[in-house]
Amino acid sequence: MRTVLYDYYGDKARMIDFNGWEMPVWFTSIEAEHFAVRRNSGVFDVSHMMRTRFVGDAAGELLDKLCTAQIAKARVGKLIYTYVLNDEGGVADDGIVFKLSQTDYLFVTNACTRDRLRKWFREQSEPLGSRLEVFEEPADRGMIAVQGPGALEALRSTGLADLSTCKRFELVTQGPWIASRSGYTGEDGAEVIADGEVIRGVYAKLLSLGVTPCGLGARDTLRLEMGYPLSCVDVDESVNPLELGGERHIDFSKEFIGKSAITGNAPRRRFMGVMVDEAFVLRGGYSVHGESGWNAKLSSGTLSPVLKRGIGLGLLPAEAKTGEGVTVDVRGSRVRGVVASTPFIRKG
Amino acid sequence: MSKVPAELWYTREHEWLRIEPSGVCVVGITDYAQSKLGDIVVIDLPKPGDRVEQMKSAAVIESFKAVSEIYSPVTGTVVEVNSSLKEDPGLVNRDPYGAGWIFKAKPDSIDRDRGQLLDAPDYQNFVGGQG
């Protein structure tokens, strides 16, 4: 599948298949794009994200059943980070609900779980009949993320939206576009969802203002430095949200699918960071050995461009403690490191 | 379009080989290879004195996305490695045929090894075919 920005890429980007989407992985260099976002501003095509509208008087009620976080009682104009659990309490996906009105919601979830969630949303909405409509955004709409210390100023300069008075995780919307102060990089910035023509226009203006076009490679190194889990890579349905440390995104005062399965069970493993002492690239599947005798595997990792050290994420046994010494098997060598708290780098 | 200098020899695994007048051979990876790999962030070099065999792994390079072997274009003995790559592996991206060279080896028999290598036009055709 191709996004509304595909024609722009031509020979400017190295492309990869990402869950069925032809996406740029980098334009010039992952490291250069990473630092552009940390120091100035970069723009990502994130149109591959699944975007589902829930519209009708039962929309809040259904989302409260599907999501661990409180949706119906949240304020209009808020973005709400949430998990979607299966009946066994496993994380089917994580995502962000955009509350456009009391009866109109946009749920942004990951590309890798599209088929599963499409079926799940349909099954769960059917009993509510005509009380709501659930539909995906058409393919001629797109989504971009402009991220970095200069991102909001750049977006304002395009003339589309001024988010300077908007708080983090809030949105403004006007006719066919939505702009929110959000992202997946740890930097301040915005995400814009709109018709393809608007997205292409804003993207071109951002580039002319000096915003760096960025690919999914930098998106991954940026989210890894922040310790954010990536669905289908770090998280699958065998993982429960408490293992991810996600208590603050769960409202136990309401009913939701998977609630009984996760209630009263202390997690036996926790999603944590590992950092090695040297400039190695850590990768998913690498084995980690704790000084206190446990073994685990990383689910993802990289070389942190900022720290110049290998960093990784994974579910470690509950006895693993921040600061504990570890060794990581890196291509036949044992490399020394520690269990690290995340984010690996401190922002603002 | 990636650069393919005319005076070098090439492997189908995208290493290049320069034969110096002394008979020592310099090895690196091609412009095409570095552009496919993206930022090279880690290099494990061989040591002077190590034996290398033609088309067997002699070094390892890592980009953000992948771990790749570097295959020796010749059978012989390593005589020097580019130790500046330890501090700055990105030299391979910036100057793959110059400052980004990887190691030098003294081949046992360059005449025998050369039969397995591609000249510049053949390598150009080879990567052209790989799109």
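Start with A:R2 and A:E22. Their side chains form a salt bridge, with the closest N and O atoms 2.8 Å apart. A:R2 sits in the segment before α1 (6–9) of chain A, and A:E22 in strand β2 of chain A, so the pair ties together parts 20 residues apart in sequence. A:E22 counts as partly exposed, because its relative accessibility is 29%. Keep in mind that this is a predicted model.

That pair is part of a longer list. How many salt bridges does the structure hold over all chains? The count is 35. The general idea is simple: side chains of opposite charge can pair when their charged atoms come close. Let me show a few more.

Take A:E170 and A:R75. This salt bridge has its closest N and O atoms 3.6 Å apart. A:E170 lies in the loop between α5 (151–157) and β10 (171–174) of chain A, and A:R75 in the loop between α3 (59–66) and β5 of chain A, so the pair ties together parts 95 residues apart in sequence. Now look at accessibility. A:E170 is buried, because its relative accessible area is 13%, and the cut-off for buried is under 20%. A:R75 is exposed, at 52% relative accessibility.

Next, A:E291 with A:R336. The closest N and O atoms are 3.8 Å apart. A:E291 is in the loop between β15 (287–290) and β16 (295–297) of chain A, while A:R336 is in strand β20 of chain A; the pair therefore ties together parts 45 residues apart in sequence. Is A:E291 buried or exposed? Exposed, with a relative accessible area of 59%.

There is also a network. A:R51, A:E137, A:R141 and A:D195 are linked by salt bridges.

Now the domains. Chain A is assigned domain 1 (1–265) and domain 2 (268–340). Their centres, taken over C-alpha atoms, are 28 Å apart. The contact takes 19 residues from domain 1 of chain A and 15 residues from domain 2 of chain A. About 1,400 Å² is buried between the two domains, with carbon and sulfur atoms giving 60% of that area. Which residues of domain 1 of chain A lose the most area to domain 2 of chain A? They are A:L224, A:E225 and A:E243, together 39% of what that side buries. The count of salt bridges between these domains is 2. Elsewhere on the salt-bridge list, A:E31 pairs with A:K308, closest N and O atoms 3.6 Å apart.

On to the chain interface. The size of an interface is often given as the accessible area lost when the parts come together. Chain A and chain B bury about 1,300 Å² between them, 52% of it on carbon and sulfur atoms. In chain A, A:R14, A:R283 and A:R331 lose the most area to chain B, together 42% of what that side buries. The contact takes 17 residues from chain A and 15 residues from chain B. Across this interface there are 3 salt bridges. A:R331 also meets B:D44 in a salt bridge, at 2.8 Å, N to O.

One helix deserves a minute: α4 of chain A, residues 114–125. It has 12 residues and reaches 16 Å from its first C-alpha to its last, close to the 16 Å expected. Its buried residues are A:R114, A:L117, A:W120, A:F121, A:Q124 and A:S125. Why do they fall on the same side of α4(A)? Because they cover an arc of only 130 degrees around the axis.

Last, some backbone details. A:N19 has phi near 50 degrees, a positive value in a residue other than glycine. A:N19 is in the loop between β1 (14–18) and β2 (21–26) of chain A, and is partly exposed at 37% relative accessibility. B:M55 also has a positive phi, near 65 degrees. B:M55 sits in the loop between β5 (51–52) and β6 (57–63) of chain B, partly exposed at 32%.

Which peptide bond is cis? The one from A:T342 to A:P343, with omega near 0 degrees. A:P343 is in the segment after β20 (333–340) of chain A.

And A:E88, in the loop between β5 (79–85) and β6 (91–101) of chain A. A:E88 is exposed, at 61% relative accessibility. The C-alpha atoms of A:E88 and A:G186 are separated by 31 Å, and the two residues are 98 residues apart along the chain.

Definitions and conventions
Residues are numbered from 1 along each chain as its sequence is written. Chains are lettered from A and ligands numbered from 1 in the order in which they are written. This is a predicted model: local features need pLDDT of at least 70, side-chain atom pairs count only at pLDDT 80 or more; totals for chains, interfaces and linings use all residues. Side-chain values use heavy atoms; hydrogens and water are left out. Helices (H or I, at least four residues) and strands (E, at least two) are DSSP runs, numbered from the N terminus. The expected span of a helix is 1.5 Å times one less than its number of residues. Buried means under 20% relative accessible area, exposed over 50%, partly exposed in between (1.4 Å probe, protein chains only). The arc is that of the directions from the helix axis to the C-beta atoms. Domain bounds come from an automatic or database domain assignment. Contact means heavy atoms within 4.5 Å. Buried area is the accessible area (1.4 Å probe) that two parts lose on being put together, summed over both. A salt bridge is a side-chain nitrogen of Lys or Arg within 4 Å of a carboxyl oxygen of Asp or Glu.
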